[in-house]
Amino acid sequence: MIPEEKIAEVRERAGIVEVISDYMSLKKSGANFQGLCPFHGEKTPSFNVNPARGIFHCFGCGVGGNAVTFVMKMEGLSFPEAVKLLAKRVGVEIEDRPLSVTELRRKDEKEQQLGIVALAAGYYANILAHEPAGEDGRRYLAGRGIDSSLFTAYRLGYAAESWDGLASFLKQRGVALEQVEKLGLIKRKSSGSGYFDLFRNRLIFTIANVYGQPIGFGGRVLDNSLPKYINSPESPIYVKSEVLFGADLAKQAMRELRAAVIVEGYFDHLAIYRAGIKNVVATCGTALTRGHLQVIRRYADKVYLLFDGDSAGGKATVRAMELILAEQMPCFVIELPPNEDPDSFLAKHSAAQFTELLDRSRPALDYYLRQLVAEEDTGNVAGKKAVADRFRVMLQKVADPVERDLYSRELARVLAVDIRTLGRVGQAAETGTATAAALRGTAGVAESLVALLFRYPEIAGEFGKAGAAELLPAELRSVAVSIMAAAAAGEKPDCAGIIDAAAESGPLRPLAALLVDDSHLADIDDPGRALHDFCRSLEREALKTTDAKGLRNEMLRLDSDSPRYWEILEALNGLRNRKSQLS
Ligand SMILES: [Zn+2]
């Protein structure tokens, strides 16, 4: 654990503009700096850095935080790792305090589990590389043109015929088999004692986290038996919705190219990676999730989908596309000839021919529109309407109004109908995603009140007296309280400390957006008066939602002797008075 004051020191010494400039170019704009957001694709800068407050915020995708959270996202690091990296850059010595017993146990358990999976990976790799039992695996791979030089890079392995090969190997090395069972690599025999292995007679792909540590396995049969693939189950170290196969191998290239290619299978990954396209990751048996996209977003800001050229692949493409568009990431679809997958395509074609496909890839919506036209008969009205209806649904996922407009024009063109008959799909499609406008819109009175207090800490006393904090939702209240505490101690509130990782997704996001640029508050001549105005409108809002009718109904059922009766009566009177005062 790093002491709190060290974290603050690192944040202070590492100027946010200098830190961020290491990764992207920033231009001065008024008191702030601006640049193209590294976390989503954009052409006009909506990424703002406020050097005085040590925070950043993107009005395009809503990402925000301080210097530490920025480095976490860019480098794919945990919080302590990012602090240590920054500390090294600015010359702050950090001495870890010893971990508590609980922390130690949790850390120990995780490390133990990583150790077990690493041992198992070594066990499978050794069989494939050296053991007679691995002969089938070697022959199979040779048949697919994969020679032993790739075994190590891919941590390929082989699980032999034996029922308890892994179990007895790990037992001999003193590993507690209950721990291995927790990881799902072995199962308890239903009769009697002892364990049997999950993987038998299978080629093994080692699944690693982004740091390259093995966390699980995928196993493929070599004949036609079913299931063709099995994966080791979820465990504390292997959370499937957050793990993409090959991310550890791909992260450098993803970072350089700011793009990621997503494929479905292990062999697809291998084929493409081997062809020299290194920014590739695979979903391997799980549907693409938002968690996966968050991993990708640390390194890349656009996505290429490359699924099988059959109808299942087409469906998977559309599902993935919906998710990616909703996350506001530019998405392209690489199309393979019918009934080819990336592996089979590359077995017949050169890497250059594959790159050509990549260059010809179409924007996801373009692809989708052509799919729809191919599926429906657009020669008649019903068919045209079906295409328009289905396309509209997808279009609503697109956050950019200009893009939506362009695509509704394209839709009209393809269907040969007047755009007015289509009712300008673009306009109807206001989504709930965090567009710049929506984000500013959600920063309501409560956020403005906190931003006001932040900018004018001299009103802290008045703020307390007016009971303003009680009018705020819980998260904002605790921010207000810490600002008041700082003001009372005669200190400047620590903005970068407040706008931490919490600003990233949580209820504090609109506040973070206000704090990075609060120039609209600069013209207030009487902040004390503004405080009271904000409080009154908050109270008015609260009154609107108070259920006076519900209270009245409850009162009717109560005995006039009961204390609750009098409580409600008083509350209703209070409500009436407040309403007349505020109106
Ligand atoms: Zn952004």
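I looked up burial first: 38% of the chain's 583 residues count as buried. A residue is buried if 20 or more other C-beta atoms lie within 10 Å of its own, exposed if 12 or fewer, and partly exposed in between, with C-beta atoms placed from the backbone.

I noted that this is a predicted model, where local features need pLDDT of at least 70, side-chain atom pairs count only at pLDDT 80 or more, and totals for chains, interfaces and linings use all residues. Residues are numbered from 1 along each chain as its sequence is written.

The C-alpha atoms fill a box of roughly 85 × 70 × 65 Å, taken along the principal axes. I found 28 helices and 16 strands in the chain. Helices (H or I, at least four residues) and strands (E, at least two) are DSSP runs, numbered from the N terminus.

Then I turned to strand 10.

I looked for its partners. Two strands pair if DSSP finds at least two bridges between them. Strand 9 (residues 202-208) pairs with strand 10 in the antiparallel sense over 6 bridges. A208 stands opposite P214 of strand 10. The hairpin of strands 9 and 10 has 5 residues between the strands, and G212 there takes a positive phi near 85°.

I also checked strand 11 (residues 229-231), which pairs with strand 10 in the antiparallel sense over 3 bridges. There, N231 in strand 11 is the bridge partner of G218.
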